[in-house]
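I opened this notebook to keep track of two look-ups.

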Amino acid sequence: MRALIHQTFGDPEQVLRIEDRPLPEPGAGQVRLRTVLSPIHNHDLWTVRGTYGFTPELPAASGTEALGVVDAIGDGVDNLVIGQRVATGGTFGAWSEYFLANAAGLIAVPDSLSDESAAQLVSMPFSTIALLRFLDVEPGQWIVQNAANGAVGRMLAQLGAARGVRVLGLVRRGAGVEELRAQGIEDVVATDQDDWREQVAHITGGAPIVAGVDSVGGSSAGDVLSLLAEGGTLVAFGAMNSPTMEIASSDVIFKQATVKGFWGSKVIPQLDPSVRGELFGELIQRVGDGSLTLPVAGTFDAGDIRAAVQASNTPGRVGKVLLRF
């Protein structure tokens with residue numbers, strides 16, 4: 001079978017190669033999946049570079065999320081059948097024609113969901129809806145996030161709106177405001193405008209902002225914290241621009257703010273299975289009724305991985321880049 005492998009850590013455009021690998025056989029509790037589509041995530045590329053929280057042994061497989069079709073079933077698996085479409089968001093080695101996955105962690109995909117949506121259902125959307133739950137906010141309350149025009153930012157705005165949570169988005173350029181409005185996301189402010197704080201106050205009507213999400217780092221983290229009300233919570237979700245958060249101690253002290261981190265790989269496994277099931281059910285419902293959109297920026301054959309990575313790294317990209325094997 002074909003698989004994307006890297007012999008060294010480095011630039012994914014340079015080190016990822018298609019190689020032939022033996023067809024794996026499922027063990028007890030496992031199934032073998034034939035890959036239909038698999039998205040490229042930032043954390044996949046960081047793993048190939050050797051800069052993520054998980055460092056595989058070399059030579060290493062790659063990819064973590066895919067839509068697959070059950071191709072073979074191991075002992076003790078009685079909840080899946082050959083030919084069934086399933087999604088997985090936490091199975092390392094998904095960038096291959098076939099891969100093994102633990103049956104217990106797979107999500108059955110309804111026929112109503114397209115391959116393109118199902119292929120990206122788990123990692124980012126589920127992390128986003130888990131993040132929304134983590135923030136513990138009520139309908140009508142305000143939260144603020146930077147990187148609002150990123151994939152998670154768009155989904156958080158859509159899922160928040162579907163739940164009645166008010167989501168204020170910060171972007172770094174005026175064009176980002178128009179991009180989001182074109183997607184129906186209205187409460188957005190560009191921080192390159194001198195009066196951006198006044199715009200925030202106008203949009204919220206002065207209502208307290210109870211929580212904030214920082215996906216950028218650097219001074220952008222401080223901007224988010226500065227907008228929070230007393231007792232507010234700042235959640236570090238990512239570090240797109242800087243590994244250091246520049247926040248004012250006065251904001252932490254006088255606002256009595258809480259600062260904490262969110263990493264889906266730690267938070268999601270701790271969720272009760274019934275809660276995970278409810279959240280997945282909500283995701284499928286939101287995609288089905290159109291309140292959550294999962295656009296695709298392009299689909300590439302895995303053999304064109306260099307072009308696919310270049311497309312994924314394109315500034316202003318809307319939607320995920322998908323790989324086909």
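**Helix H7 and its cover**

I note before anything else that this is a predicted model. I looked up what covers the buried residues of H7. The cover includes strand E8 (142-145), strand E9 (166-171), strand E10 (188-190), strand E11 (209-214) and helix H8 (219-226).

Which residues of H7 are buried? I found Trp 196, Val 200 and Thr 204, in a helix that runs over residues 196-204. They sit on the same side of H7, because they cover an arc of only 70° around the axis.

Gly 205 comes after H7, and its phi is positive, near 65°.

**Salt bridges**

How many salt bridges does a search of the whole structure find? I got 13. As a reminder to myself, side chains of opposite charge can pair when their charged atoms come close.

Asp 301 and Arg 2: their side chains meet in a salt bridge at 3.4 Å, N to O. Asp 301 belongs to strand E14 (residues 296-301) and Arg 2 to strand E1 (residues 2-6), so this pair ties together parts that lie 299 residues apart in sequence. Asp 301 is partly exposed, with a relative accessible area of 33%. Arg 2 is partly exposed too, at 23%.

Asp 71 and Arg 32: the closest N and O atoms of this salt bridge are 2.6 Å apart. Asp 71 is in strand E4 (residues 66-73) and Arg 32 is in strand E3 (residues 30-39), so the pair ties together parts 39 residues apart in sequence. Is Arg 32 buried or exposed? Arg 32 is buried, with a relative accessible area of 8%. Asp 71 counts as partly exposed at 28%. I also found that Asp 71 and Arg 32 are linked with Glu 25 in a network of salt bridges.

Arg 85 and Asp 115: here the closest N and O atoms are 2.6 Å apart. The pair links distant parts of the chain, with Arg 85 in strand E5 (residues 85-88) and Asp 115 in helix H3 (residues 115-118), 30 residues apart. Arg 85 is buried at 18% relative accessible area. Asp 115 is partly exposed at 30%.

Conventions
Residues are numbered from 1 along each chain as its sequence is written. This is a predicted model: local features need pLDDT of at least 70, side-chain atom pairs count only at pLDDT 80 or more; totals for chains, interfaces and linings use all residues. Side-chain values use heavy atoms; hydrogens and water are left out. Buried means under 20% relative accessible area, exposed over 50%, partly exposed in between (1.4 Å probe, protein chains only). Helices (H or I, at least four residues) and strands (E, at least two) are DSSP runs, numbered from the N terminus. The arc is that of the directions from the helix axis to the C-beta atoms. Contact means heavy atoms within 4.5 Å. A salt bridge is a side-chain nitrogen of Lys or Arg within 4 Å of a carboxyl oxygen of Asp or Glu.
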